[in-house]
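Welcome! Take a look at the structure below, and then let us walk through a few of its features together.

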Amino acid sequence: MKIFIDTADLDEIKEAASWGILDGVTTNPSLIKKAVEKMKAKGKEISMEGYIRQICKAVNGPVSLEVKGRSSEEMIKEAKILYEKFNEVNNNVVIKIPVNTAFSLEEPQFEGIKAIKELESNGIPTNATLVMTPEQALLAAKAGASYVSPFLGRVDDFIRKNLGIKHGKMDYWDYEAIELIEQEERKRSIEKGYEGAAGINYGDNGIYSGVELVYDIIETYEAYGYETKIIAASIRNARQVREVAMLGVDIATIPFAVIKEMIGHYKTMEGMKKFSEDVVEEYEKIFKS
Ligand code: E4P
């Protein structure tokens with residue numbers, strides 16, 4: 001599995017790159033905003049173009065940069081600007097296009113798909129972002145997207161909110177327990193003559209978690225041999241990374257804090273301390289000769 005870092009913070013990108021495990025970077029307008037605010041708080045002036053160039057240089061792998069427009073025409077124009085300005089730095093720019101740019105169902109729904117189709121036909125690689133359903137991922141693949149980014153954490157947040165479950169930002173979502181509770185309730189309802197069973201839905205239209213969303217997209221793509229690479233995005237904790245890795249997802253884009261969470265364990269630290277204490281003089285001598 002490839003590991004991308006989900007940040008626009010250059011310090012974080014450089015540090016993760018120095019660990020030797022980094023395969024790419026994903027940014028979005030909110031992450032860029034956070035990075036700019038951090039620089040300003042430090043009293044540093046920032047040239048956005050120079051900063052993005054440094055990001056492209058810092059990693060030898062795809063760097064996703066997002067457009068800001070909402071019509072396909074605007075997005076295609078912006079994508080070409082981003083690609084022309086920054087791809088020459090390290091030949092690694094991918095353009096992030098929201099799979100659907102509408103704010104409501106009354107607005108056009110296919111602007112993102114149209115932009116993906118056009119850009120890919122012109123040789124500009126795209127990453128279909130803000131993907132919350134397998135159907136959106138299917139449409140992105142049909143349009144020829146190079147990458148698709150299902151948003152695990154936001155799907156989990158949505159389901160937990162609908163169920164009135166309070167949680168911290170990085171908390172693991174125990175979707176298997178919720179599926180079991182739903183099954184039990186359905187069983188009880190069926191025993192009572194299917195009374196209200198259809199209304200029992202603890203997930204989001206059959207999706208119970210972000211991890212399950214990734215599973216469904218993998219199955220769909222495998223069924224038809226789509227080559228679109230799946231990037232598990234909006235990751236909130238190390239256990240989610242483990243679960244998408246077990247599914248064989250192509251890429252996970254992971255926040256800096258979660259990459260750090262992946263390496264730590266209390267018993268590893270305890271074991272390390274004991275090994276260090278147990279080094280005898282005779283063993284020590286080997287390293288001195
Ligand atoms: C993906 O590429 C996005 O940048 C990101 O994963 C969104 O994560 P969030 O839901 O934590 O904001």
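Let us begin with helix 5, which spans residues 111-121 and has E111, G112, I113, A115, I116, L119 and E120 as buried residues. Keep in mind that this is a predicted model. An α-helix has 3.6 residues a turn, so residues three or four places apart point the same way.

## Around the ligand

Next, find the ligand. The residues that surround it are D6, T26, N28, L31, K96, F151, R154, K169, A233, S234 and R236.

Some of these residues reach the ligand with polar side-chain atoms. N28 places one such atom 2.7 Å from a ligand oxygen. R154 also has a polar side-chain atom 2.7 Å from an oxygen atom of the ligand, and for R236 the distance is again 2.7 Å, from a polar side-chain atom to a ligand oxygen. On its own, the ligand has 340 Å² of accessible area, and the protein covers 89% of that.

## A nonpolar patch on the surface

Finally, turn to the surface, where V279, V280, Y283, I286 and F287 form a nonpolar patch. Together they have about 500 Å² of accessible area.

One of these residues, Y283, sits in helix 13, which runs over residues 281-286. With a relative accessible area of 45%, Y283 is partly exposed.

How values were computed
Residues are numbered from 1 along each chain as its sequence is written. This is a predicted model: local features need pLDDT of at least 70, side-chain atom pairs count only at pLDDT 80 or more; totals for chains, interfaces and linings use all residues. Side-chain values use heavy atoms; hydrogens and water are left out. Patches are made of residues with over 30% relative accessible area and no salt bridge: like charges are joined within 9 Å, nonpolar side chains (Val, Leu, Ile, Met, Phe, Trp, Tyr) within 5 Å. Accessible areas come from the Shrake-Rupley method with a 1.4 Å probe; for residues, only the protein chains shown count as cover. A salt bridge is a side-chain nitrogen of Lys or Arg within 4 Å of a carboxyl oxygen of Asp or Glu. Helices (H or I, at least four residues) and strands (E, at least two) are DSSP runs, numbered from the N terminus. Buried means under 20% relative accessible area, exposed over 50%, partly exposed in between (1.4 Å probe, protein chains only). A residue is near a molecule or strand if one of its heavy atoms lies within 4 Å of it. A polar contact is a pair of N or O atoms within 3.5 Å; within protein, one must be able to donate a hydrogen and the other to accept it, and residues adjacent in sequence count only if both atoms are side-chain atoms.
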